[in-house]
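I opened the notebook to go through this structure step by step.

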Amino acid sequence: MREVAIVGVGMTRFGELWESPLRNMFTEAALTAIDDAGVDHIDSMYVGAMSSGLFVHQEHIASLLADYLGVAGIPSTRVESACASGGLAVRQAVIEVGAGVSDIVLAGGVEKMTDGVDAIDALATAADQEYEAFHGITFPGLYAFIANAHMHRYGTTREQLADVAVKNHDHGSLNPKAQFPFKITREAVMNSTMVAWPLRLLDCSPVTDGAAAVIVTSMDVAEKLGRPIVKVLASGHATDGLALHSRTDPTTIPAVGRAAEIAFKQAGLTPEKIELAEVHDCFTIAELVVTEELGFVERGRSGEAVSSGETRLGGRIPVNTSGGLKAKGHPVGASGVAQIIEVVEQLRGSAGDRQVEGARIGLTQNMGGSGASCVVHILEGVS
Amino acid sequence: MITPRYTREIPQRYHLEAGKCTECNFIAFPPRLICPECGSREFEQISLSPSGKIVTYTVVCVAAEEFSTETPLPIAIIETDEGARLTAQVVDCDPEEVEIGKRVRLIFRCIQKEGLAGIRQYGYKAVLEG
Ligand SMILES: [Zn+2]
């Protein structure tokens, strides 16, 4: 594979964007990324979207969105892997450019979730319909399975779960694109509506509209553009059984560990070399388990690590400086792309109040369902 | 209800039918065509034991529409005595009584009513033992 760079980024504000249809959200993000990169064309595009069919009753969106981007005619491919669709769209673009098939590829993600569809029902399709959802388990319920197992095994506390949400809202309060750009308290989390024991409303990422896009190019093209270059050091992808009950240990999410192992090996790096990470905090417990799977903290110690500030801005390994899915918002198909954007901004040194000083290497981790798919990217800023 | 879709699942939902790999003894619930552990395609048809224990659990308080009148709804991952795992509601108890490690028995119950006609769909639920 030849070396690949990310040279342009763009995203909509995340939130309830009632005034914007899906096609305009995506086009806005894509045009911003194209302008940011300064490219005069794209060779092809990938669109990550979990369920435009259920959310807005529109499939076949790869072609629709190419048309509205004014590039009808080029190859355009929809990528679906539940909430990992966006990260996977970026990975497909990286592979296509790395393989030399194309030089300039747009990878975007989009989800329009607030048009009145029952989001619980639509999101539940990422779980096993016949053997999980049929019995009444919801997505918060599946992560609550993980949370109860983790609390039982390691003594992780309710307060530690709350501290993930508090930290990510602190970070999100510095992000003008975030759906919830404000701080919350531990007490607010612990007194919010119970959703699935022990997870409460403020442990859960929200339902969000939004789109995000990046421009992936060969290093040759990137160098000619004269824009800040962020190199893709690694792209790891792994899968697992769809049903959480089919996995041996519900305190772990093995696909995350596998995708990370692949990525660290590709990059020739160890977890200690990562200076910041955007991870898939669809629920507070998810961030805890993921930081263990990525090797940032020892197994069972993630609760302690968040409460002691190791994973906050200014800490040993800042996690979710964007506010994460929790505060920035979680338009499922766009989330994995938006993670890449945050890390690119950090490595360019343009993350404003959220800047991790001098950051050079960052990681993104995006997963689908209760962890049946996971995509990990490692990026390096080239100065 | 899409009748064929429901009917196909009856052996598993009503009788806990599973496949036991003749090479490595892996238990596939629902039955599979190829063993994920050893790659064998030979299975012996078995029925899971209806007794097992709770691996982990939750109590769903915000449910999908079909279950919205049944909250708080305890649901657990259960490991049967053969080592197969499945997800099932835990019923006939106070949600506070549900705990990791507790023994349960699987019983035949109505799981949900589908559609405007309220057609009943059946399957397994768990009750606490002792
Ligand atoms: Zn086998």
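**Salt bridges**

How many salt bridges does a search of the whole structure find over all chains? I got 27. I keep in mind that this is a predicted model.

I looked up A:Asp36 next. Its side chain meets that of A:Arg227 in a salt bridge, 2.6 Å from N to O. A:Asp36 sits in helix H1 (residues 22-37) of chain A, and A:Arg227 in the loop between helix H9 (219-225) and strand E8 (229-239), so the pair ties together parts 191 residues apart in sequence. Is A:Asp36 buried or exposed? I noted it as buried, because its relative accessibility is 17% and the cut-off is under 20%. A:Arg227 has 31%, so I put it down as partly exposed.

I then turned to A:Asp203. Which residue does A:Asp203 form a salt bridge with? The partner is A:Arg158, and the closest N and O atoms are 2.7 Å apart. A:Asp203 belongs to the loop between strand E6 (199-200) and strand E7 (210-218) of chain A, while A:Arg158 belongs to helix H7 (residues 158-172), so this pair links parts 45 residues apart in sequence. I checked the cover on each partner. A:Asp203 is buried, at 0% relative accessible area. A:Arg158 is buried as well, at 14%.

The next pair was A:Glu310 and A:Arg301. Their side chains meet in a salt bridge of 2.6 Å, N to O. A:Glu310 is buried at 16% relative accessible area, whereas A:Arg301 is partly exposed at 23%. I followed the contacts onward. A:Arg301, A:Glu304, A:Glu310 and A:Arg316 are linked in a network of salt bridges.

**A charged patch**

I searched the surface for charge. Which residues form a negative surface patch? I wrote down A:Asp118, A:Asp121, B:Glu65 and B:Glu66. I looked up B:Glu66 in more detail. It is placed in the loop between strand E4 (51-60) and strand E5 (73-80) of chain B. Why can B:Glu66 count as partly exposed? Its relative accessible area is 35%, and the class runs between 20% and 50%.

**Cysteines**

How many disulfides does the structure hold over all chains? The count is zero. I checked B:Cys61, which is in no disulfide. The nearest cysteine sulfur is that of A:Cys204, 11 Å away. A disulfide needs the two sulfur atoms within 2.5 Å, so I ruled that pair out. B:Cys61 is partly exposed, with a relative accessible area of 25%. B:Cys35 is buried, at 3%.

**Chain B overall**

I listed the secondary structure of chain B. It comes to two helices and eight strands. From the N terminus on, the order is α-α-β-β-β-β-β-β-β-β. The C-alpha trace spans about 45 × 35 × 20 Å along its principal axes. Chain B has 130 residues, of which 46% count as buried.

I took its distance to B:Arg105, 46 residues apart along the chain. The C-alpha atoms are separated by 18 Å.

**Backbone checks**

Most residues other than glycine have a negative phi, and most peptide bonds are trans. I looked for exceptions.

A cis peptide bond joins A:Trp197 and A:Pro198, with omega about 0 degrees. A:Pro198 lies in the loop between strand E5 (194-196) and E6 of chain A. The bond from B:Thr71 to B:Pro72 is also cis, with omega near -5 degrees. B:Pro72 is found in the loop between E4 and E5 of chain B. B:Glu66 has its place in that loop too.

I moved on to phi. B:Asn25 has a positive value of about 70 degrees, although it is not a glycine. Its place is the loop between strand E1 (17-21) and strand E2 (27-28) of chain B. B:Asp92 has a positive phi near 60 degrees. Where does B:Asp92 lie? I found B:Asp92 in the loop between strand E6 (85-91) and strand E7 (103-114) of chain B. With a relative accessible area of 59%, B:Asp92 is exposed.

Key: Residues are numbered from 1 along each chain as its sequence is written. Chains are lettered from A and ligands numbered from 1 in the order in which they are written. This is a predicted model: local features need pLDDT of at least 70, side-chain atom pairs count only at pLDDT 80 or more; totals for chains, interfaces and linings use all residues. Side-chain values use heavy atoms; hydrogens and water are left out. Patches are made of residues with over 30% relative accessible area and no salt bridge: like charges are joined within 9 Å, nonpolar side chains (Val, Leu, Ile, Met, Phe, Trp, Tyr) within 5 Å. Accessible areas come from the Shrake-Rupley method with a 1.4 Å probe; for residues, only the protein chains shown count as cover. A salt bridge is a side-chain nitrogen of Lys or Arg within 4 Å of a carboxyl oxygen of Asp or Glu. Lys and Arg count as positive and Asp and Glu as negative; His and the chain ends are not counted. The place of a charge is taken as NZ of Lys, CZ of Arg, CG of Asp or CD of Glu. Helices (H or I, at least four residues) and strands (E, at least two) are DSSP runs, numbered from the N terminus. Buried means under 20% relative accessible area, exposed over 50%, partly exposed in between (1.4 Å probe, protein chains only).
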